[in-house]
Amino acid sequence: MWIKLVGSVRCRSNGGAHNCRGYWQLVFGFGARGDSPQMPSHPHLATSEWTLDYPPFFAWFEYILSHVAKYFDQEMLNVRNLNYSSSRTLLFQRFSVIFMDVLFVYAVHECCKCIDGKKVGKELTEKPKFILSVLLLWNFGLLIVDHIHFQYNGFLFGLMLLSIARLFQKRHMEGAFLFAVLLHFKHIYLYVAPAYGVYLLRSYCFTANKPDGSIRWNSFSFVRVISLGLVVFLVSALSLGPFLALNQLPQVFSRLFPFKRGLCHAYWAPNFWALYNALDKVLSVIGLKLKFLDPNNIPKASMTSGLVQQFQHTVLPSVTPLATLICTLIAILPSIFCLWFKPQGPRGFLRCLTLCALSSFMFGWHVHEKAILLAVLPMSLLSVQKAGDASIFLILTTTGHYSLFPLLFTAPELPIKILLMLLFTIYSISSLKTLFRKEKPLFNWMETFYLLGLGPLEVCCEFVFPFTSWKVKYPFLPLLLTSVYCAVGITYAWFKLYVSVLIDPPVGKTKKQ
Amino acid sequence: MEKWYLMTIVVLIGLTVRWTVSLNSYSGAGKPPMFGDYEAQRHWQEITFNLPVKQWYFNSSDNNLQYWGLDYPPLTAYHSLLCAYVAKFINPDWIALHTSRGYESQAHKLFMRTTVLIADLLIYIPAVVLYCCCLKDISTKKKIANALCILLYPGLILIDYGHFQYNSVSLGFALWGVLGVSCDWDLLGSLAFCLAINYKQMELYHSLPFFCFLLGKCFKKGLKGKGFVLLVKLACTVVASFVLCWLPFFTEREQTLQVLRRLFPVDRGLFEDKVANIWCSFNVFLKIRDILPRHIQLIMSFCFTFLSLLPACIKLILQPSSKGFKFTLVSCALSFFLFSFQVHEKSILLVSLPVCLVLSEIPFMSTWFLLVSTFSLLPLLLKDELLMPSVVTTMAFFIACVTSFSIFEKTSEEELRLKSFSISVRKYLPCFTFLSRMIQYLFLISVITMVLLTLMTVTLDPPQKLPDLFSVLVCFVSCLNFLFFLVYFNIIIMWDSKSGRNQKKIT
């Protein structure tokens, strides 16, 4: 196990060893000069393009980092030094990510303990625990996003995986506490909060079930509910308390939930709205050609020309934030009902969690393509235990990772992303195929064809397209194609997972999880 | 089926490590007026593209030999010409005569790094994969682990993808040669090896074992029959390949002589810069470079080199075997490195390649040697600002070797192939039972010294009076290690057959 640990650290530091352009988390000099924390709404501070938009715990984390940073390079802590970069800054930032990843490695270790190797393979590389740890530690998406694109997702996903592992190990209070802390680090985890809430309520607060698996109302435990509530309340108080006292809560929330940004981001995340936008574009082009639409009514700026602002659809009805919220809720509800009425223990919770994350990804407002990792990582735990889950996982992860390609667009990064993607894809497909070789093949011909189609797509978008004349006329075409192609795959995986959750028979009392 | 996907993963890992190292700095980056090896390679593309063949090796107003004149055999020149054609297609400014001197840009760096990667992918990596697949008597998993360790060897990656050179081409050809000759495709093997020599003349370090092995094979087949036919065929192949490569330079005697003068600069002295060989280490105590006249130095190094490699080569002629061939490659190359004339520190790669080939036979000693060889390159790597990649790749390599071969469990006398040697010694010294433990202690001391020296070199400043203190210390320590390995490998070669003949069949 420690070999994989050091191996993954080596991989990460190798990734950090080169000078890639990082997107900076601007480390505000919170308290570096002994001031009390101030939100960047202060009128005297010019807002940069990268102001703080994560919950308070993350701000405190950056505050602690800034104290360490001053030993590396004082200049990077000057608020006016926007876009400051030096080799020492780079070194510090990279090493801080690697250091925080220790939590992620620990979480993976705990998750592997929850997996039982149903058949003990002859050798190490065939055991489910080994495959799971490689799939998590060497996850292409996480490597790219954290160590090249630059974020701190490693330790946040570590917190999430650790809370899942605790729930598997029946240590519910710790799991709830960890998740509450996680929420206050990055609010994107609100996507999966319903799954936690319902599972804890159903399987922890109701301490026993009737013989046929349905709820036994009189086994409700007030103590447990109160203690859970207390934990969540204390964590929230610790995080939001100071801002409540300073009367800055509205400002905090407006930074956390920026609805002024458009439905999609400059590069469309491969979700349902990407397909919706694409359909809208196609219809408008057809409409123009067939003279159904008046060219003067079309807004000048197209949705794909790069900036994040609000735009209107031309043919199909426009989408408001409320509409996306309703769609997301409708999409989540069946899985929540399943979790409530057919509880299958921690595995059922994990499937519901994945579905919540995926549904929110599919229908959310201004979703970033990195959010696919929220669904991919928990699903890795499911994939090493059942063949059906393995095949869904592979489709999801391959298309999800491919959709992250546009995040790295410089020429030196091109071989790295292709090599790492090939490495992860080949390893995941072949190891899961070997693990489940006694069951039916993982992919049917249609899925194989689709996955193989990613190769030519990449060649077209990155190698052929820049040399054609379309590059000037339709510069957004590769992004659009990538987004739509991946959206098809992700939608298919979502649908298949939903079907498998809904038609799974409820577990009887004899089956142990 | 399973084997191919694992091998693909290993190759992909190797490629990923190579490319991430290549994103670092290169030799002479941003250091006018001379820059470094990177600029040399770019300059050769400029020269070979713009000037006619007759002028490539001559000093002229267009071709100033003092500024990185061509000093490798013609195949390097042809390779540079090929790259120059591609460069012309992308951006002619990169190779414009005179004006492109010191050209540095991100796009150009990407281009140069890509040429190294392509050359590696076409020549060296397939040779490694094929070699590991052809290994006998080990399991599939071990073969793949072997390939992983060879591909992760830090020295070659750092020099080729960091410092910037094309060693993978010449080493790759040499490896094809070893493969061919070991699998009894002698003609193809010798053709490949001739190509290697014609790419970099340092491959001559490997030429004696090739010669002795093939000669031994001819003798075994009988000089009156098949052996003689083989000998003639080999001679023809070698001559033909040399003629083909040197064709443009054989037209005039002066051309040939000038090329030879550029390839073997005997005027430059016993050694240049700091290198981990005997002469440089000896120079610390007694300045032989300044005391002795040039021709005496030449004769002295010649004698020492040949005396040290003679026993192994004679043994190889008398008993040619594939295993003996590989070990003789190691010991010959090491002898040349330690005692020869005008050795550069990068020539340690010529010893590392054969050691990589015997990784599966003596994993503990090979890993130790490969770590020391990377360490001996430290001063060069620090000059190129490659500290972080070198530390990371060394650790990765070490971990790969430890897990693949469980090297720390293979330190018994039998595993180290020293059993017959220690039995012979015990005839005279019955108490000689501590060999294996002694070697383990030596390994520990060696590693601790290397780590300490690395830390000292990186963190401390040398004293004013001795500005080269740390590089000299690094060279000295590496040299001591190499001497130990020379003795060890020679012992294995000389004592191996005695047990071989009695117990196992000769492979």
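**Notes on the two chains**

1. In chain B, 76% of the contacts with a separation of 6 or more are between residues 24 or more positions apart, a contact being heavy atoms within 4.5 Å. For chain A the corresponding share is 77%.

2. A word on conventions before going further. This is a predicted model, in which local features need pLDDT of at least 70 and side-chain atom pairs count only at pLDDT 80 or more, while totals for chains, interfaces and linings use all residues. Residues are numbered from 1 along each chain as its sequence is written, chains are lettered from A and ligands numbered from 1 in the order in which they are written, and side-chain values use heavy atoms, with hydrogens and water left out.

3. On secondary structure, chain B comes to 22 helices and 0 strands; these are DSSP runs, with helices being H or I of at least four residues and strands E of at least two, numbered from the N terminus. Chain B has a radius of gyration of 23 Å, close to the 23 Å from the globule rule for 507 residues, so it is as compact as a globular protein of that length. Here the radius is taken over C-alpha atoms, and the rule is 2.2 Å times the number of residues to the power 0.38. Along the principal axes, the C-alpha atoms of chain B fill a box of roughly 70 × 65 × 60 Å. Chain A has 20 helices and 0 strands.

4. Now burial, where buried means under 20% relative accessible area, exposed over 50%, and partly exposed in between (1.4 Å probe, protein chains only). Buried residues make up 58% of the 507 in chain B and 54% of the 513 in chain A.

5. As for surface, chain B exposes about 21,800 Å², with carbon and sulfur atoms supplying 69% of it. Chain A exposes about 23,800 Å², and carbon and sulfur atoms again supply 69%. These areas come from the Shrake-Rupley method with a 1.4 Å probe; for residues, only the protein chains shown count as cover.

6. C183(B) is partly exposed, at 33% relative accessibility. The sulfur of C332(B) lies 3.5 Å from the closest cysteine sulfur, in C313(B), which is too far for a bond. C332(B) is buried, at 0% relative accessible area.

How values were computed:
Disulfide = S-S within 2.5 Å.
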